[in-house]
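Hi everyone, thanks for coming. Please take a look at the sequence and the structure, and then we'll walk through a few spots together.

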Amino acid sequence: MSDSPSIYLQITNWLKSTFLGAKPEIPTSSPDVATFIENRYLLTQAQRDWLIQEFSSLQKQNTSLQQSLREQQTQTTANTEDLFLELLEVTDALEALLNYLENNPDPSPEFCQRLPKSVGAVYRKFLSVLSKRQVLPIELQSDQPDFNFCRVVDREIRNDVEDQTITKIVRQGFLIGEKVLRPTEIITSKSEQN
């Protein structure tokens with residue numbers, strides 16, 4: 001127990017030097033630590049006012065941060081709900097198409113003729129949902145791969161085009177803002193080797 005006043009003094013000296021900028025007035029090894037503790041650590045009115053002001057400021061910051069967090073959570077929830085509602089519209093269109101095909105195993109030639117347009121409309125709706133959230137397809141600027149936006153998944157022998165030319169897009173890539181969300185997967189040409 002003889003170490004407790006010394007530990008207490010070390011902690012209070014550290015608190016005082018850290019928060020009040022005061023230097024410790026006696027070393028922690030002083031024999032008169034108990035007397036010092038009893039008489040010295042009374043706060044002046046200015047120190048009390050300063051501490052109250054600091055605590056008040058911290059409470060205001062805490063309240064403001066909590067309110068900001070609640071607002072962000074509410075906004076995130078609303079945005080998520082909007083996204084899901086829009087995706088459900090795409091799902092509804094696909095479901096109607098699948099139901100028709102299920103109920104009509106031998107679709108009419110008119111339906112088969114309209115099918116590419118119907119699927120294209122669903123695809124455009126889906127791209128519209130993504131676009132509202134800044135998710136856009138990567139548009140390649142050249143037939144030469146830009147490896148910032150592309151990933152080569154295969155090579156094919158082609159003598160009719162220059163080596164390393166994009167011959168096919170296997171999977172569309174997307175950007176979210178300026179960041180690559182998913183690179184465009186491509187097949188490139190290579191010369192026939194002897």
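Let's begin with a term: rings of Phe, Tyr and Trp (its six-membered ring) pair if their centres lie within 6.5 Å, and planes under 30 degrees apart count as stacked, over 60 as edge-to-face and the rest as tilted. Searching the whole structure turns up one aromatic pair. Its partners are Tyr100 and Phe111, with ring centres 4.3 Å apart and planes at 35°, so we call it tilted. Tyr100 belongs to helix H3 (residues 45-103) and Phe111 to helix H4 (residues 109-132), so the pair ties together parts eleven residues apart in sequence. Helices here are DSSP runs (H or I, at least four residues), strands are too (E, at least two), and both are numbered from the N terminus.

A word on where this comes from: this is a predicted model, where local features need pLDDT of at least 70 and side-chain atom pairs count only at pLDDT 80 or more, while totals for chains, interfaces and linings use all residues. Residues are numbered from 1 along each chain as its sequence is written, and side-chain values use heavy atoms, leaving out hydrogens and water.

Phe111, at 7%, is buried, while Tyr100, at 30%, is partly exposed.

Now over to Thr165, in the loop between strand E2 (150-157) and strand E3 (166-171). Thr165 is buried too, at 6% relative accessibility.

Notes. Buried < 20%, exposed > 50% of the residue type's maximum accessible area, 1.4 Å probe, protein only.
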